[in-house]
Amino acid sequence: MCPQPNHDESSLRAAGIREIVIVDADYARYEDFIEAARQGALSLHFCVDARSAVRLARRFRADVWLVNTTLPDMSGFDLVEMLAPHVMQGAVDPQIAGARLSLDGVGKGMRSGIFLVSDAYRIEDEQRALASGVSGYLVRPVTIDVIRTAREPVAV
């Protein structure tokens, strides 16, 4: 039996990771994220299809969205087009997201990130993903360390 990873809540929070939404019909692919949630290092939410993800995005702000490129009801690429306005607006609208800036860090902040996740690498998919403006194109297996590394502060 492999030892369970110890997810450090403070390092996740420093990387702007508190709430993660995973849009995938197979939650078992995300054991690392489930373990981190069990340890209380983050809050984790699953959507099994695009329809439920759109409903959630309208009323909930997450720091990271992981979207499978293949969903039961539509392509993950099509879903990203529908999610982006809600997710990116949540990053700047205090009515949706709450205050993102403090006087200690004016002009600095973390942008909500959407990552497309694929089962197999395809250069066409990577190009399409990056052209859509997502934070990244990832190929399974995806771990929290990969997401933590991908999160960098951006100027607001």
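A: Let's start with a pair of residues: V21 stands opposite H45 in β2. That pairing belongs to a set of five bridges that join β1 to β2, and the two strands run parallel. Before going on, a word on the ground rules: this is a predicted model, where local features need pLDDT of at least 70, side-chain atom pairs count only at pLDDT 80 or more, and totals for chains, interfaces and linings use all residues. Residues are numbered from 1 along each chain as its sequence is written, and side-chain values use heavy atoms, with hydrogens and water left out.

As for terms, helices (H or I, at least four residues) and strands (E, at least two) are DSSP runs, numbered from the N terminus. Two strands pair if DSSP finds at least two bridges between them.

Now the whole sheet. It is open, has five strands in the order β2-β1-β3-β5-β6, and the pairing is parallel. β2 and β6 (136-139) are the edge strands, each pairing on one side only. From one strand to the next, the twist averages 20 degrees (axes are lines fitted to C-alpha atoms, for helices over the stretch in contact, and angles run from 0 to 180 degrees between N-to-C directions).

Next, β3. Four bridges join β1 to β3 in parallel, with I20 opposite V64. β3 also pairs with β5 in the parallel sense, over five bridges, and there N68 has V117 as its bridge partner. Five of the five residues of β3 are buried (under 20% relative accessible area, with exposed over 50% and partly exposed in between, using a 1.4 Å probe and protein chains only). V64, L66 and N68 point one way from the strand, while W65 and V67 point the other way.

Then the helices. α2 (residues 31-38) lies across β1, β2 and β3, at about 135 degrees to β2. Helix α3 (residues 50-59) packs on the sheet too, touching β1, β2 and β3, and its direction makes about 135 degrees with that of β2. In α2, D32, F33, I34, E35 and A36 are buried, and their cover includes β1 (19-23), β2 (43-47), β3 (64-68) and α7 (144-150). After α2 comes G40, with a positive phi near 80 degrees.

Finally, S118 sits in β5 (residues 113-118) and is buried, at 4% relative accessible area. Leaving aside neighbours within four places in sequence, S118 is in contact (heavy atoms within 4.5 Å) with T69, Y137, L138, V139 and R140.
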